[in-house]
Amino acid sequence: MRLTWLTSLIFTSAIVLLASFLPWASLQPLEPNNIALPITPRPFLGVAFGVFTNQTLTVTAWQGKFLLGIYAIPNWVVVLSALCIPFLVNKPTIGIIIAIFSLIHLVIFTVVIYLAGARFGIGYITTIVTYIIIIILLVKRLGYR
C-alpha cells in the first residue's frame with residue numbers, strides 16, 4: 001500500500017482520536033473547600049478548575065475546559081481539529097493554522113497541569129507528538145504544491 005498525504009493525515013488523526021481516550025493527566029483528588037493551587041487565574045483568562053475538585057483521578061481529552069472571557073473552550077476541540085485536518089489535505093495552510101491553534105491549547109493545558117502538580121499521561125504525550133508530526137506533514141505538503 002502506498003502511503004499518500006491523505007492516508008498519512010488520516011492515520012495521525014486516528015492516533016489523536018485514540019489518544020483522547022487514554023489518560024492525559026493523573027491528579028490527586030482535592031477537597032473543594034481546601035484548594036491550594038499555585039496560580040490564581042484572572043477572570044478574563046482563566047482556567048476551569050472544576051476537573052481538579054472532583055474525585056476524578058484521571059483526566060482525558062473529554063474532560064475539562066478553558067475559560068476565555070465568557071467562552072468555554074473544551075479540551076475535545078483538539079480531537080475535533082485533528083479529525084478535520086484530513087479534509088484539508090489540499091489546503092495545507094488552513095490545516096497548519098488549525099494544528100497550531102490546537103498546539104497552543106495543548107501548551108496551555110501543559111502549564112495548568114504542571115502548576116496543579118499533576119503527572120502527564122500517555123494520551124497527552126501522544127497527542128502532542130502527533131500534532132507535531134501533523135504540522136511537519138502539512139508543511140511538507142505545502143512545499144510539494
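**Exercises on a predicted chain**

The chain has a secondary structure of 5 helices and 6 strands, where helices (H or I, at least four residues) and strands (E, at least two) are DSSP runs numbered from the N terminus. The model is predicted, so that local features need pLDDT of at least 70 and side-chain atom pairs count only at pLDDT 80 or more, while totals for chains, interfaces and linings use all residues. Residues are numbered from 1 along each chain as its sequence is written, and side-chain values use heavy atoms, with hydrogens and water left out.

**Exercise 1.** Describe how helix α1 packs with helix α5.

*Solution.* Begin with the geometry: α1 (residues 5-19) and α5 (residues 122-143) pack at about 165 degrees, with their axes 9 Å apart, the axes being lines fitted to C-alpha atoms over the stretch in contact and the angles running from 0 to 180 degrees between N-to-C directions. The pair is therefore roughly antiparallel, a term for angles over 145 degrees. Next, list the contacts (heavy atoms within 4.5 Å): among the residues of α1 that meet α5 are Trp5, Thr12 and Ile15, and the α5 side includes Gly123, Tyr131 and Arg141. Finally, classify the residues of this contact, which divide into 10 nonpolar, 6 polar and 2 charged; Ala, Val, Leu, Ile, Met, Phe, Trp, Tyr, Cys and Pro count as nonpolar, Asp, Glu, Lys and Arg as charged, and the others, Gly among them, as polar.

**Exercise 2.** Determine whether Leu9 is buried or exposed, and which residues Leu9 touches.

*Solution.* Leu9 is found in helix α1 and has a relative accessible area of 2%, so Leu9 is buried, given that buried means under 20% and exposed over 50%, with a 1.4 Å probe and protein chains only. Not counting residues up to four places away in sequence, Leu9 touches Ile85, Pro86, Val89, Ile134, Leu137 and Leu138.

Methods:
Angles under 35 degrees count as roughly parallel, over 145 as roughly antiparallel, 65 to 115 as roughly perpendicular and the rest as oblique.
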